[in-house]
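Q: Can you walk me through this structure? I would like to start with a sheet and then move on to the contact between the chains.

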Amino acid sequence: MIALSINGKKYQVDVAPDTPILWVLRDHLGFTGTKYGCGIALCGACTVHLNGNPVRACVTPVSAVAGQKITTIEGLSSKVGRAVQTAWEKLEVVQCGYCQSGQIMSAVALLSSNKKPSDEDIDSAMAANLCRCATYQRIRAAIHEAAKHLA
Amino acid sequence: MREIKIVNESRRRFLQAGAGLTLAVYLPNSLAAPVAAAPGKAGAAAPAAATEFEPNAFVRIGEDNTVTVIAKHLEMGQGTYTGLATLVAEELDAAWPQIKVEGAPADAKRYNNLLWGPMQGTGGSTAMANSFEQMRRAGAAARFMLVAAAAADWSVPAKDITVKNGIVSHAASNRQVSFGELAAKAALQEAPQPEDITLKKPKDFVYIGKQSPRQDSKPKINGSAQFTSDVKLPGMLTALVAHPPRFGTTVKSFDATGAKAVAGVVDVVAISNGVAVLAKDFWSAKKGRDALKVTWDESKAFKLGTTDMLDRYKTLARSPGSIAHTAGDAIKTMGRAAKRIEAAYEFPYLAHAAMEPLNCVVKLTGDQCEIWNGEQAQTGDQTNVSKLLGIPIENVKINMLYAGGSFGRRSNPHSDYVLEAVQIAKAINGRAPVKMIWTREDDMRAGQYRPLFYHTLRAGLDENGNLVAWQHRLVGQSIVAGTMFEGMIKNGVDATSVEGAANLPYAIPNMLVDLHTPTYPVPVQWWRSVGSSHTAFSTEVFFDEVAHAADKDPVEFRRSLLKHHPRHLAVLDLAASKAGWGKPLIAKAGTRRGRGIAVHESFGTVVAEVAEVSVKPDGSFKVDRVVCAVDCGIAINPSIVRAQMEGGIGFGLSAALHSAITLDDGQVAQSNFHDYPLLRMDEMPQVEVHIVPSSANPSGVGEPGVPPIAPAVVNALFAATGKRLRNLPLRTQDLA
Ligand code: FES
Ligand code: FES
């Protein structure tokens, strides 16, 4: 049994210790908002927060995160999180939506550490989150919008 | 659902006239709970309502005042759910917040694509075009019956009743009622005759052409949207398949000992295209597959490389092909031309690489098959599944979920991945529901690519610099050969291979377009914008080359030959003027800058794009800005039209800058995003979209933004550097 703390709640899971936290979230705990896109840390669709920092859940073994604070898209409730989601909705960022949980988790992490990111800051913080629908322009605008709202 | 009233004749007549609707009125006790909902999550289905008014197959109004629009088209990002709901809401005069959208079941009798005859499916940018009248009539019919119910209730003439924003009112007596309150009574009203309905004039639209917020925003930003990957059924197993390493390879034998030793692995079964490992969850299935030993039969394996194939294509291109279009005498005129220009262009295989790797959920119970899928081709998939299982087509039930992208991939004429999932469920005799998941590597290597193509073009100018002859030869596999769409091949020409080339809009008196269609076992398929994904590039880059040879401005030269194409002219002028065509670009020290243009029609929509680039001394470059002008008829939702142009430009840029599937000794060399890179945030240009005002019926926007971007970029790079790149993806070292 491995003890996990997800979105402020405690869980016990009985899985192989090398299981990536992505599949524990998705297959065992029903948190399917976090997506599988590549499995090898190349796309960002699986981004969750570990103690507030963005990590790729697809390459993070569950044994490495036991007892630490994990936040998924379902548990996003911070002020920054709400501002980002509101901006995303207002600017109609989503298309297919599959990458967007990961985009939002990365954007929230960026804005939590950098209140007023420049375009370059956004480029470097978001460059590892792929969007095949290429919603990048609106993601950029929504991050600026959320920053404005939070200021 | 309890059916309490059967269709009456007048109602049938109205709805048939209204473009093929069939209907019945249902009074369900409650709606089925969402099967696929994950624990602690809201599902996709509407909340239960006591009484519901279902005036036709596309609208349901509950006593809770919810208007549910039944969407017959897949939402894969292109905005169909919002667009279809907008059409219904417009004629129903509903309030936008009361609208919910639900995916239609697979049933071609009610939900066929009106542009495809008796087939249900989404593609070819047809969702809005084929639904524009049908969905408005569906909304108008519901409104008519609500009004009739209120008129009867209040004993006032129907003509004195108004409907606005979801409220039915009678001004003289100051009475008002909501749709929900009227639902039960409206269900008992006579349906309208065709002549009872007058659709709104565009000037009276309240939703169409305005910004109705996207229906799918909320679930996609809070993680609750249900994709196929998120389906969880009781007892469900996850299946991963070991696929053959080459096309044409089959399974000789396999040893499942290692796989079965992995905790969580439940079964290992052979199917026609590999060996499936079934497990309790993804990770166990993955470890099981890694431990599986398969011996392949390579006797029929395809072992060519793409370099060899391209050489063969080049040889083929030296001889005439099947004629796709001819006008005047191109060969003779070319022979007499004062100046001749020639060029060749190369296009790689391309994978769709949607963010959601392919997957499909299947449950077999007796002679019933239920499927959960980001379903793009209901009728084709139902037909193929029913054939495989030997069951009637109506026993194949399909639940259409959101697709995490598709770009054509989920509409496979052979139902490749769907049949694979069904075969696995069949191999275990339906013992458990099966969720088949392809890893990214599986998805990348399965074929069904945009075909490899080779184009040669020649142009002849007379002594005054007029373009008098044009010859275009294409070499590439057919997408429709061997499929149920084979009828699209006429006189040896697959229309999807030459679209955009055979119908070049420029007024050139002598033209010859011909095609070679080699056959190879690499599976090919439509890929966002289909033939235009290559024809727009070769024609629009070559046209620029000809303009340069004739010493003419690329925009002026295009204008001079587009006199009979007012829509092309309009987008060309709009894009050029908004981009400041002709005004100098300011370059930072050490960089070279340039502007390029391309215009192309696909799927009835005409798009012009102007790209601005900055090139560094080492040849690396950035697309700084793209100005796009689009004529798609009435823009039902301008924000979504802009989003599709922005996204189409980004998608086209991935192909222009990065993407290629190559084969080496028959094996696909790419596997994941490190060797099949996609456009990233820092490479996305600033995109400005301008929509040409129009009162024509809408055409699609999902695909037409893609074709013009690659040629516009190459033309801009030429303007900046004087170097012409002709092969995709572009190689920056060629600009150094
Ligand atoms: S799935 Fe984890 S980065 Fe792609
Ligand atoms: S919205 Fe489709 S991949 Fe990003």
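**A sheet, then an interface**

A: In chain B, four strands make an open sheet with mixed pairing, in the order β26-β27-β28-β31; strands are DSSP runs of E, at least two residues, and helices are runs of H or I, at least four, numbered from the N terminus. Two strands pair if DSSP finds at least two bridges between them. This is a predicted model: local features need pLDDT of at least 70, side-chain atom pairs count only at pLDDT 80 or more, and totals for chains, interfaces and linings use all residues. Residues are numbered from 1 along each chain as written, chains are lettered from A and ligands numbered from 1 in the order written, and side-chain values use heavy atoms, without hydrogens and water.

Q: Which strands stand at the edges?

A: β26 (592-602) and β31 (686-691) of chain B; each has a single partner strand, so one side of each is left without a neighbour in the sheet.

Q: In what sense do β27 and β28 of chain B pair?

A: Antiparallel, over ten bridges. B:E609 is opposite B:C628 in β28(B).

Q: New topic: how many residues of chain A are in contact with chain B?

A: 49, and they meet 63 residues of chain B; contact means heavy atoms within 4.5 Å.

Q: How many salt bridges are there between chain A and chain B?

A: Five, where a salt bridge is a side-chain nitrogen of Lys or Arg within 4 Å of a carboxyl oxygen of Asp or Glu. One salt bridge joins the side chains of B:D230 and A:K35, at 2.5 Å, N to O.
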